[in-house]
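Here are my notes on the two-chain model, as numbered points. Have the structure open while you read.

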Amino acid sequence: MNKLELISTLKNEANISKAEAAEVVQIFFDSMTDALTRGDRVEIRGLCSFYVKEYKSYTGRNPKTGDKVLISPKKLPFFKCGKELKERVDY
Amino acid sequence: MALTKTNIVDQVQERIGYSRKRSSDLVENLIEIIKDTIGKGEDVLVSGFGKFCVKEKGARKGRNPATGNDMMLDQRKVVTFKCSSVLRDRINEDN
């Protein structure tokens with residue numbers, strides 16, 4: 001399911017216009033993006049949580065050529081699946 | 001400070017102008033749709049944010065750390081998240 005399908009499903013279930021559904025979906029993911037950009041955690045009970053993990057620089061290798069490459073430090077969102085979602089996926 | 005459902009409901013209320021109850025219902029509804037889709041084993045792809053994928057893990061041999069007994073762990077499904085390059089770049093902007 002992609003963002004458009006998410007919007008149309010919400011539109012049908014909640015009886016709102018497509019524009020309104022699109023706005024709710026946009027606000028939902030924008031809020032999470034903004035929080036992670038600030039370096040804040042995100043905790044959606046039952047769904048998932050995220051925190052920004054900092055990775056140090058390291059020497060990696062290009063798997064194709066075998067060349068050494070220096071990977072600069074980076075930050076990535078670290079995803080943790082919520083308890084309820086975990087149980088629903090793996091019943 | 002962690003972002004929670006309350007903050008998202010605040011945003012919906014502020015930006016669209018719905019009542020508190022309506023904003024909260026819509027956010028809950030959206031979360032339920034996402035959980036239901038992933039729960040059925042279907043991936044959720046959100047452009048600009050990332051994708052939530054359902055991955056099947058094979059059965060493997062494990063050990064009970066308390067007793068040291070060998071045991072077989074059944075195959076299971078887990079949810080993984082792959083960050084989109086847009087989100088990744090935004091998080092790393094200040095570097």
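This is a predicted model: local features need pLDDT of at least 70, side-chain atom pairs count only at pLDDT 80 or more; totals for chains, interfaces and linings use all residues.

1. Start at Tyr55(A), which sits opposite Lys74(A) in strand 5 of chain A. Strand 2 of chain A (residues 48–55) and strand 5 of chain A pair over 8 bridges, running antiparallel.

2. Those two strands belong to an open sheet of 4 strands, ordered 5(A)-2(A)-1(A)-1(B), and the pairing is mixed. At the edges you'll find strand 5 (74–81) of chain A and strand 1 of chain B; each has a single partner strand, so one side of each has no neighbour in the sheet.

3. How does strand 1 of chain B join on to chain A? It runs parallel to strand 1 of chain A (residues 42–44), and 2 bridges hold the pairing. Have a look at Val42(A), which stands opposite Leu3(B) in that chain B strand.

4. On to the whole interface. In contact across it are 48 residues of chain B and 48 residues of chain A. The buried area comes to about 4500 Å², with carbon and sulfur atoms giving 66% of that. Which three residues supply more of chain B's share than any other three? They are Leu3(B), Lys35(B) and Ile91(B), and they account for 15% of the area that chain B buries against chain A.

5. Across the interface, the rule finds 5 salt bridges. The count of residue pairs in polar contact between the chains, both residues at pLDDT 80 or more, is 12.

6. Helix 2 of chain B gives the most, with 14 residues. Sorted by class, this side of chain B has 26 nonpolar, 9 polar and 13 charged residues.

7. Last, the overall form of chain B. Its secondary structure is 3 helices and 6 strands, in the order β-α-α-β-β-β-β-β-α along the sequence. Chain B has a radius of gyration of 19 Å, well over the 12 Å that the globule rule gives for 95 residues, so it is more spread out than a compact globule. The C-alpha trace of chain B spans about 60 × 40 × 30 Å along its principal axes.

Terms used:
Residues are numbered from 1 along each chain as its sequence is written. Chains are lettered from A and ligands numbered from 1 in the order in which they are written. Side-chain values use heavy atoms; hydrogens and water are left out. Contact means heavy atoms within 4.5 Å. Buried area is the accessible area (1.4 Å probe) that two parts lose on being put together, summed over both. A salt bridge is a side-chain nitrogen of Lys or Arg within 4 Å of a carboxyl oxygen of Asp or Glu. A polar contact is a pair of N or O atoms within 3.5 Å; within protein, one must be able to donate a hydrogen and the other to accept it, and residues adjacent in sequence count only if both atoms are side-chain atoms. Ala, Val, Leu, Ile, Met, Phe, Trp, Tyr, Cys and Pro count as nonpolar, Asp, Glu, Lys and Arg as charged, and the others, Gly among them, as polar. Two strands pair if DSSP finds at least two bridges between them. The radius of gyration is taken over C-alpha atoms; the globule rule is 2.2 Å times the number of residues to the power 0.38.
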